[in-house]
Amino acid sequence: MSGHMNLTLKVWRQKNENDRGGFITYKATDISPDMSFLEMLDVVNESLVKRGEDPIYFDHDCREGICGMCSLYINGRPHGPKRAITTCQLHMRSFSDGETITIEPWRSAAFPVIKDLATNRAAFERIQQAGGFVSVGTGGVPDANEIPIPKVIADEAFNSATCIGCGACVAACKNASAMLFVSAKISQLALLPQGQQERYQRAQAMVAQMDEEGFGNCTNTGACEAECPKEISLTNIARMNREFFSAKFFKEEEIR
Amino acid sequence: MGNFSNTFSSSLGKKLVMSLTGLFMCSFLVVHLVGNLQLFKHDGGLAFNTYAYFMTHFPPIKVVSYLLYTSIVLHAIYALVLTMKNKKARPIGYAVTNGKANSPWTSRNMGILGTVLLVFIIIHMNTFWAKYHWGGVPYKKYVIELQNPEHVQVTDLPISSVEPVHTDAVDLQSGSRVVIAKDLYLIVQNAFESPLYVAFYVLAMAALSFHLIHGFRSAFQTLGWDHKKYIPLIRFIGVWGFGLLIPIVFAAMPLFFLFKTFS
């Protein structure tokens with residue numbers, strides 16, 4: 001089998017949330033460059049199972065880049081070295097034969113490690129539950145142009161809504177800040193007519209929950225934007241700041 | 001918690017403080033730079049010393065100066081608080097990081113650059129500001145001929161037990177304007193005779209440059225002002241104005257005096 005690769009993997013292994021954990025080195029032999037990164041890990045895991053060892057635990061679901069479950073910090077970057085893709089969309093041809101690859105879980109106080117490379121990202125869900133919804137009935141599918149929304153606004157709201165909540169922004173940020181995620185979730189509703197009723201309450205409630213969860217503070221490095229698999233832009237953070245400051249200084253809506 | 005304290009204890013509220021104090025200090029830099037350009041004048045320090053007296057005694061300027069001291073302290077304290085929170089947000093770090101792949105160096109080192117600047121501000125204020133206020137600065141007497149203002153006669157006043165009073169008066173009989181002022185210019189000149197001290201200033205201005213290349217535009221992003229039309233302008237001013245022009249002209253001042261000493 002020519003053209004196959006042999007790699008050295010330094011993988012973070014941790015039994016549970018309370019275990020200290022550490023790196024264990026594995027050899028990944030005879031890896032096809034056409035495999036995805038997760039398929040490569042599947043191959044390694046099969047060999048571990050055959051040897052009677054505990055397979056490497058990592059999150060994954062759709063394996064087509066839309067679910068936001070996969071979450072590996074590869075060689076110092078979330079979702080590996082390529083732009084705008086998730087780990088499942090990363091292929092082994094992005095690495096060279098004989099390379100050593102370091103694989104770590106997302107590192108954040110708000111994302112405790114469940115096991116090995118999988119983290120508990122329920123903090124994101126709690127932020128969503130704090131205000132990332134519309135609590136009025138939106139009815140069935142409306143007729144076209146019944147609710148007028150300018151194309152640019154609809155596009156921008158859609159861009160924000162493409163966030164899959166994987167947490168790469170938190171992982172990439174040197175401050176473990178969740179502001180790109182929170183701002184995308186605030187933006188997608190703040191831009192559309194259906195989101196207006198709770199607009200300012202939402203911004204306050206979601207920011208408060210974000211702080212509660214213990215995420216860090218944005219220093220505008222832009223690392224999140226660069227690493228986001230869905231290319232959510234920093235404009236969202238600026239918009240979140242506007243929503244929040246408008247709510248605090250110019251509106252009278254209180255958080256429930 | 002009231003709405004006000006609630007706002008400023010939130011992450012975005014703290015960032016707002018960083019942004020506003022930072023921008024206020026930027027505006028100060030412009031004034032400080034323009035005023036200090038008078039150091040380059042060949043008048044024995046007349047313009048600079050008169051300006052120094054004005055800046056320390058004109059009441060509105062005094063109010064602004066207290067705002068400035070408050071800004072420096074708030075900016076430093078909030079930076080410390082935010083940095084500690086950020087460290088707490090990632091208690092276990094990564095074994096491998098590759099920051100340069102996704103973010104500029106300046107943006108990742110604002111804390112270090114800011115610390116250099118804080119040390120600089122303390123030393124800078126101790127050398128000039130504190131000395132000017134309480135340090136026993138000698139006085140100079142300038143006699144300017146009204147007919148020929150270019151002709152200035154400069155005399156050092158001997159340090160005596162009775163401190164001279166700052167005066168700026170026109171003597172019609174002799175046809176001249178007499179200015180007696182604290183000679184801050186001399187303090188500046190003496191301080192910048194030391195190559196080590198000058199080197200520290202140049203280093204600090206390099207730190208200022210990097211700090212502002214990221215800081216200026218970052219402040220506007222925090223305020224939420226990211227209009228497509230104006231962002232290129234803000235970036236331009238941030239990089240070329242605050243990042244390069246201002247630190248370079250500031251650095252030119254100690255270098256100017258150092259070269260004057262050696263030539």
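Please keep in mind throughout that the structure before you is a predicted model.

Let me stay with chain A for a moment. Across the boundary, 19 residues of domain 1 of chain A are in contact with 19 residues of domain 2 of chain A.

I turn now to chain B. This chain contains 9 helices and 4 strands, and along the sequence these elements follow the pattern α-α-α-α-α-α-β-β-β-β-α-α-α. Taken along the principal axes, the C-alpha atoms of chain B fill a box of roughly 75 × 50 × 40 Å. In the domain assignment of chain B, domain 1 is made up of 3-92 + 107-137 + 186-262, while domain 2 covers 139-182. The C-alpha centres of these two domains of chain B lie 33 Å apart, and 10 residues of domain 1 of chain B are in contact with 10 residues of domain 2 of chain B.

How do the two chains meet through their helices H8? Helix H8 of chain A, residues 235-250, packs with helix H8 of chain B, residues 195-223, at an angle of about 50°, and their axes are 6 Å apart. H8(A) and H8(B) are therefore oblique to each other. On the chain A side, the residues involved are A:Ile237, A:Ala238, A:Asn241, A:Arg242 and A:Phe245, which meet B:Gln221, B:Thr222 and B:Leu223 in H8(B). Sorted by class, this contact comprises 4 nonpolar, 3 polar and 1 charged residues.

My last topic is the second largest pocket, whose volume is about 590 Å³. Which elements supply its lining? At least two residues each come from helix H3 (151-161) and H8 of chain A, and from H8 and helix H9 (231-262) of chain B. In total, 19 residues line the second largest pocket, and those nearest its centre are A:Leu234, A:Thr235, B:Asp226, B:His227 and B:Lys228. By class, the lining has 6 nonpolar, 5 polar and 8 charged residues.

To close, I return to the helices H8: H8 of chain A and H8 of chain B pack with each other, and both contribute to the lining of the second largest pocket. Thank you.

Notes. Residues are numbered from 1 along each chain as its sequence is written. Chains are lettered from A and ligands numbered from 1 in the order in which they are written. This is a predicted model: local features need pLDDT of at least 70, side-chain atom pairs count only at pLDDT 80 or more; totals for chains, interfaces and linings use all residues. Side-chain values use heavy atoms; hydrogens and water are left out. Axes are lines fitted to C-alpha atoms, for helices over the stretch in contact, and angles run from 0 to 180 degrees between N-to-C directions. Angles under 35 degrees count as roughly parallel, over 145 as roughly antiparallel, 65 to 115 as roughly perpendicular and the rest as oblique. Contact means heavy atoms within 4.5 Å. Ala, Val, Leu, Ile, Met, Phe, Trp, Tyr, Cys and Pro count as nonpolar, Asp, Glu, Lys and Arg as charged, and the others, Gly among them, as polar. On a 1 Å grid over the protein atoms alone, a cavity is a set of points where a 1.4 Å probe fits but cannot get out, and a pocket is an open set with protein on both sides within 12 Å along at least five of seven lines; lining residues have an atom within 4 Å of a point. Grid points are joined across faces, edges and corners, and a volume is the space filled by probe spheres set on the points. Domain bounds come from an automatic or database domain assignment.
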